Amino acid sequence: MTPTLHPSTHPLVAIKLSQLRDAGNGPKVVRELVHDLSGMLAYEASADMTVVNDNTSMTPYGPYNTTELKERVALVPVLRSGLGLVDGFLNLFPDAHVHHLGLYREKASLLPVEYYNKLPSNPNVDTCFVLDPMVATGNTAVSAINTVKEWGMPGDKIKFVAVLGSEPGLKRVAEEHPDVHIYVAGIDNELDKKGYIRPGLGDSGDRLFNTF
């Protein structure tokens, strides 16, 4: 739909996503699958990050120039289900700052309401990954990105990462934030009248934390 939307084409991502859809999986399996998918998506979303080779270390046979990440990284999980993606990203970025953002979707209007914001006063990072497993209507994703931009991060330094998105929801996010790159494991075409993705994954927060 847009050059800033990056649905994964990796076969292992497709397999994990297919397993995650299964309603028979309990919360332990759901958490493990989301953890695996978040690590895979973190790998894909970080492919263009900058490294430096300024330092020297030793192999068993001699010196070599080290390769280190140049950019300082922040993770902004959207509470509560975004927490399921954090550990997979921390496996790749163990020194990342983790700043929590709480949003819930009001049932009647389907519009997001912010109830918690733990962003520091000024951005202290170079790249920000906004994490939320689902993009349904796109309202929450748009609001979260708005908040991160208002915090001071330019759009080209923000990457939005989700496990699954609806086609209309992802289209809306891309239209509202054409400078933000979006990474998803998969895309479903249908969004029902209640704003749920079909066939979707169910409620990601309930499935992660066993709160049906």
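Axes are lines fitted to C-alpha atoms, for helices over the stretch in contact, and angles run from 0 to 180 degrees between N-to-C directions. The exercises below concern a predicted model.

**Exercise 1.** Determine how helix H4 and helix H5 are oriented to each other, and state which residues make the contact.

*Solution.*
Step 1. Two packed helices are described by the angle between their axes and the distance between the axes.
Step 2. For H4 (residues 139-151) and H5 (residues 167-176), the packing angle is about 25° and the axes lie 8 Å apart.
Step 3. Angles under 35 degrees count as roughly parallel. H4 is therefore roughly parallel to H5.
Step 4. H4 and H5 cross in a right-handed manner.
Step 5. On the H4 side, Asn139, Ala141, Val142 and Ile145 make the contact, and H5 contributes Arg172, Val173 and Glu176.
Step 6. Sorted by class, the residues of this contact of H4 with H5 are four nonpolar, one polar and two charged.

**Exercise 2.** Carry out the corresponding analysis for helix H1 and helix H2.

*Solution.*
Step 1. H1 spans residues 11-21 and H2 spans residues 27-45; their packing angle is about 155°, with the axes 10 Å apart.
Step 2. Angles over 145 degrees count as roughly antiparallel. H1 and H2 are therefore roughly antiparallel to each other.
Step 3. The crossing of H1 and H2 is left-handed.
Step 4. H1 supplies Leu12, Val13, Lys16, Leu17, Gln19 and Leu20 to the contact, while H2 supplies Val30, Leu33, Val34, Asp36, Leu37, Met40 and Glu44.
Step 5. The contact of H1 with H2 comprises nine nonpolar, one polar and three charged residues.

Methods. Residues are numbered from 1 along each chain as its sequence is written. This is a predicted model: local features need pLDDT of at least 70, side-chain atom pairs count only at pLDDT 80 or more; totals for chains, interfaces and linings use all residues. Side-chain values use heavy atoms; hydrogens and water are left out. Helices (H or I, at least four residues) and strands (E, at least two) are DSSP runs, numbered from the N terminus. Angles under 35 degrees count as roughly parallel, over 145 as roughly antiparallel, 65 to 115 as roughly perpendicular and the rest as oblique. A crossing is left-handed if the near helix is turned anticlockwise from the far one by less than a right angle, and right-handed if clockwise. Contact means heavy atoms within 4.5 Å. Ala, Val, Leu, Ile, Met, Phe, Trp, Tyr, Cys and Pro count as nonpolar, Asp, Glu, Lys and Arg as charged, and the others, Gly among them, as polar.
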